[in-house]
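Please look through the sequence and the model below before reading on. The report then takes up a single residue, a sheet and a pair of helices.

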Amino acid sequence: MAERRGDYRRIHVTDTNIWIDLYAGGIIHEAFQLPLRFIAPNVVIAELRVPDGQALVSLGLQQEELAGDGVHLVIQLASRYPAPSRVDLFTLALAKARGAVLLTGDRHLRKAAEQEKLSVHGTLWILDELVRQRIVTPQ
């Protein structure tokens with residue numbers, strides 16, 4: 001996927017549960033106010049029902065498809081890390097391929113990302129950023 005001209009925000013690859021958490025907290029719209037660029041593999045978008053993946057795309061979540069090399073990387077990661085789901089491994093592969101931060105609440109995926117030397121954060125980090133950026137108040 002081509003970079004949007006002038007879009008220099010740091011890329012953050014998201015898994016399914018990040019969006020479920022933000023939806024449960026009622027702060028999806030606020031998350032899109034952060035100066036971050038959220039992307040997700042197309043398999044994550046397809047997996048999301050509540051919240052709806054396509055609705056998130058309309059709000060600004062960018063969708064990417066992993067091609068041959070990316071799928072090969074998922075297969076390699078699956079042999080090293082059996083605990084995360086295949087969909088989760090697509091997020092890990094995309095973050096690794098893009099040199100991006102991974103956003104996940106899944107502990108198995110988090111451990112795999114740390115072993116792959118990727119920056120990884122969870123829902124609480126997003127909440128901290130929302131407060132730090134004064135998008136929401138601590139209350």
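## A residue in a helix

A55 is found in helix α4, which covers residues 53-59, a helix being a DSSP run of H or I with at least four residues, just as a strand is a run of E with at least two, both numbered from the N terminus. With a relative accessibility of 35%, A55 counts as partly exposed, the class between buried (under 20% relative accessible area) and exposed (over 50%), with a 1.4 Å probe and protein chains only.

This is a predicted model, in which local features need pLDDT of at least 70 and side-chain atom pairs count only at pLDDT 80 or more, while totals for chains, interfaces and linings use all residues. Residues are numbered from 1 along each chain as its sequence is written, and side-chain values use heavy atoms, leaving out hydrogens and water.

## The sheet

Five strands form an open sheet in the order β3-β2-β1-β4-β5, with parallel pairing, where two strands pair if DSSP finds at least two bridges between them. Because β3 (62-64) and β5 (120-121) stand at the edges with a single partner strand each, one side of each is left without a neighbour in the sheet.

Strand β2 (residues 37-41) pairs with β3 in the parallel sense over three bridges, and I39 has Q62 in β3 as its bridge partner.

## Two helices in contact

In α5 the residues G70, V71, L73, V74, L77 and A78 meet R86, L89, F90, L92, A93 and K96 in α6, contact meaning heavy atoms within 4.5 Å.
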